[in-house]
Amino acid sequence: MATEIFAVQAPVVPQTRGVPALLLKLRALIALAVVVAFFSVAAPNFLSASNFLIMFKHIAITAILAIGMTYVILTGGIDLSVGSIAGLGGMAAGALILNGVTLQPLGVVVYPGVPLVIAIVLLLGGFAGFLNGVLVARFRVAPFIATLGMLYVARGAALLLSDGATFPNLVGRTGLGNEGFPWLGSASVLGLPVTVLLLAALALLAGFVARDTPFGRWVYAVGGNERAALLSGVRVDRVKIAVYVISGVCAALVGMIVASELVAAHPASGETFELSAIAAVVLGGASLSGGRGSVGGALIGACVIGVLGDGLVMMGVSEFWQMVIKGLVIIAAVVLDQLQGRLTAAGRA
């Protein structure tokens, strides 16, 4: 059985030919070149080093979410709960730093250090993803419905943690030994923001796992042909649960980064993050039906979303118009995915 499992390969996607197919394949790079060229002319100081550092920090948030979302979409699923899990992650970190953990039997309050806070929140995000995965893999709930339910559960839990209020001033206290939380979202190492370095490390790891490990091949195989993967010995249920756990952990990490950067946690934080993550993955060449896509493509897609948002802000475009434009980008990404799917189907014929 083990030999059969390790023999599973990612499905071979028929290569379409011609200029339209090439343009669709390179659509993320083309879109990135277009938005960078446009804002370089239209927005003063867009090409400045300081703006690029700020922009990369914003891109890192979408990109980390997109890494987790890539694995989910590769299996043919979708995760609508990442924004809410991010909000819950930030609020959980805020609650642990400001209120600690009350041990009722001992009548004491324990304030965990920042490393332990980060570990607890990541576990919380992973648990939320695990529940998503169990609903999808074991109870055969449609991913859209399962993660939509988790969207409300996580957002409601975030609101319950503070009765809807904000956790402010998350700097910790020296006497409690829980200082240092703002370092995650605000510090720099060798001139680069920690969040960007963290993204680089995660991207390298996620890309390696997707390309060069049995687990990566199983993910592609499940999304390409679930029945064939099952007959080949792949534990489809476990693979599906694992990808949602990865997505949940990435979302919780993003929630902490946002709370750390703002030095405050708000229960509404992370709203619509899921749309940006899905748009980045699809714009990067992934198929919503599964089996096609890459971490690298998702990162380029996240750059497009980030550059677009930053450029619109610099041009003074209102937030309402920004929502309209980003919505159009998402629609365009899905339409292009459908066109690429048709060309791929034509290539099989």
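**Notebook: salt bridges**

I started with R211, which counts as exposed at 58% relative accessibility. The model I am reading is a predicted one.

I looked up the partner of R211 next. R211 forms a salt bridge with D212, and their closest N and O atoms are 3.9 Å apart. I noted that D212 counts as partly exposed, at 44% relative accessibility. The cut-off for a salt bridge is within 4 Å, so the R211 and D212 pair, at 3.9 Å, is counted.

For R138, I found a salt bridge between its side chain and that of D237, at 3.3 Å from N to O. R138 sits in the loop between α6 (114-137) and α7 (143-160), while D237 is in helix α12 (residues 236-262), so this pair ties together parts that are 99 residues apart in sequence. I recorded R138 as partly exposed, with a relative accessible area of 49%.

For R140, I found a salt bridge with D237 in which the closest N and O atoms are 3.8 Å apart. R140 lies in the loop between α6 and α7 and D237 in helix α12, so the pair links parts 97 residues apart in sequence. R140 counts as exposed, at 55% relative accessibility.

Is D237 itself buried, partly exposed or exposed? I looked it up: D237 counts as partly exposed, at 22% relative accessibility.

Last, I checked the count. The model has 5 salt bridges by this rule. Among them are R138 with D237, R140 with D237 and R211 with D212.

Terms used. Residues numbered from 1 in each chain as written. Predicted model: local features only at pLDDT ≥ 70, side-chain atom pairs only at ≥ 80, totals over all residues. Heavy atoms only, no water. Helix = DSSP H or I, 4+ residues; strand = E, 2+ residues; numbered from the N terminus. Buried < 20%, exposed > 50% of the residue type's maximum accessible area, 1.4 Å probe, protein only.
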